[in-house]
Amino acid sequence: MRMLFSIGAVLVAGVLAGGDVAGIAAPGPKFEPSRNSPQRLAADRDAQTVDVELVLAVDVSYSMDMDELAIQREGYAQAIQSKEFLQALKLGPNGRIAVTYFEWAASSDQKIIIPWRLVDGPETADAVAAEILKTPIRRASRTSISGAITFAMPLFDEDPYRGLRRVIDISGDGPNNNGGPVTTARDAALEKGIVINGLPIMVKEPSYSTMDIDNLDYYYEDCVIGGPGSFVITIKDRDKFKEAIRTKLLMEVAGRMPERPVRRVADKEPRVSCLIGEKIWSDRWGR
C-alpha cells in the first residue's frame, strides 16, 4: 500500500523557562508559583495538552477469526512502536498524544484494554505496545458500531489530557447489527466535535454465516465516519493488515487526510443502507 501522505519539515517554537528569583536583602529560595497562580495554572495546562486524544475501538466479534484478531493486535502494537509513528509524533506542536484502546462486540460488550496513556516517545510507546500484546485475545457475539461510538464518547471526559483534536478510530469487518442506529451515534459524536475515522476489514469473501457485506468501505464512508478530515483506510489484503494500521495511525497523529477524499453523503443517498446489518439479522433470526 502506498503511503497516503508525506510529512514535511515542521518548526516548533521553543518554550520559555523561568529562573530563580533573588530577594532584595539576601538570596532567597527558588521561586515557585502558588498552586492557583496564573503562571502555575498555565504551566499545568501546557503539561496536559496533547496533539490528539485518540480512542482506538477494535472489533472482536465472532466474524473476526483468531488469526485476524492476532494480526490486528500485533498491527496496533507494531504501529505505535514504529519509527515512522515516532517521527510523526515529534512533528506535532506538543510532540505527544493520549491514547486509549478498547475492544467491542455487542452494544453492552466493551472492554478497555489500555486506559488513557500518554505517548511521547519510544519508552511510552513500547509500554503501550506491551500492554496491548499481553492481554489475552477474546471473541464475542454481535456487532454494535453504535455501541462502540456511544461507549467511546464519555471516555474523552475521563481523559486527564486535553487534545487539540479528539478522534475515535473504529475498525471492524461488518455492519452494525445490534444496538441503536449507527448514524444516530455518529451524529451525536460529531455534535461534540469528535472526528470518527474507519478501518473496514475486507480480507474475506462476504458470506451468509459471518454476515459480511459487499462494499463495507462504502458503508463506513456513508454511515460510520464523520467530522473534519475524517477518512477510511480499507484492508482488502491480509498481508497488508499491519501496514494499513500503521498508515492510519500516522495520518491521525499528523492530522492528515488521504489523497483521495472520501465521498461525503450530504444531500446524497448512502450507497449502502445504513440499516443493512440490522436487516440481515432480522431476516435471519426474525428479530
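**Inside the model**

Modeller: Gladly. This is a predicted model, and its largest cavity has a volume of about 40 Å³.

Biologist: How many cavities of 30 Å³ or more does the structure hold?

Modeller: Rolling a probe the size of a water molecule over the atoms shows where empty space is left. With a cut-off of 30 Å³ or more, the number of cavities in the structure is one.

Biologist: Which element gives the most to the lining of the largest cavity?

Modeller: The lining includes Leu 69, Gln 72, Arg 73, Tyr 101 and Glu 103. Two elements, β2 (97-104) and α2 (66-81), each supply at least two of the lining residues. The top contributor, with three residues, is α2.

Biologist: And by class, how many residues of that lining are charged?

Modeller: Among the lining residues are Val 58, Ile 137 and Arg 138. By class, the lining has five nonpolar residues and one polar, while the number of charged ones is three.

Biologist: Turning to the largest nonpolar core, which element gives the most to it?

Modeller: That core has 39 residues, and Tyr 76, Phe 85, Tyr 101, Val 119 and Leu 249 touch the most other members. Elements giving two or more residues to this core include β1 (49-59), α3 (83-90) and α9 (241-254). With seven residues, the element that gives the most is α9.

Biologist: How many residues are in the second, separate core?

Modeller: Its members include Ala 57, Phe 102, Cys 223 and Val 232. The number of residues in this second core is 33.

Note on methods. Residues are numbered from 1 along each chain as its sequence is written. This is a predicted model: local features need pLDDT of at least 70, side-chain atom pairs count only at pLDDT 80 or more; totals for chains, interfaces and linings use all residues. Side-chain values use heavy atoms; hydrogens and water are left out. On a 1 Å grid over the protein atoms alone, a cavity is a set of points where a 1.4 Å probe fits but cannot get out, and a pocket is an open set with protein on both sides within 12 Å along at least five of seven lines; lining residues have an atom within 4 Å of a point. Grid points are joined across faces, edges and corners, and a volume is the space filled by probe spheres set on the points. Helices (H or I, at least four residues) and strands (E, at least two) are DSSP runs, numbered from the N terminus. Ala, Val, Leu, Ile, Met, Phe, Trp, Tyr, Cys and Pro count as nonpolar, Asp, Glu, Lys and Arg as charged, and the others, Gly among them, as polar. A nonpolar core is a set of buried Ala, Val, Leu, Ile, Met, Phe, Trp, Tyr and Cys residues joined through side-chain atoms within 4.5 Å. Buried means under 20% relative accessible area, exposed over 50%, partly exposed in between (1.4 Å probe, protein chains only).
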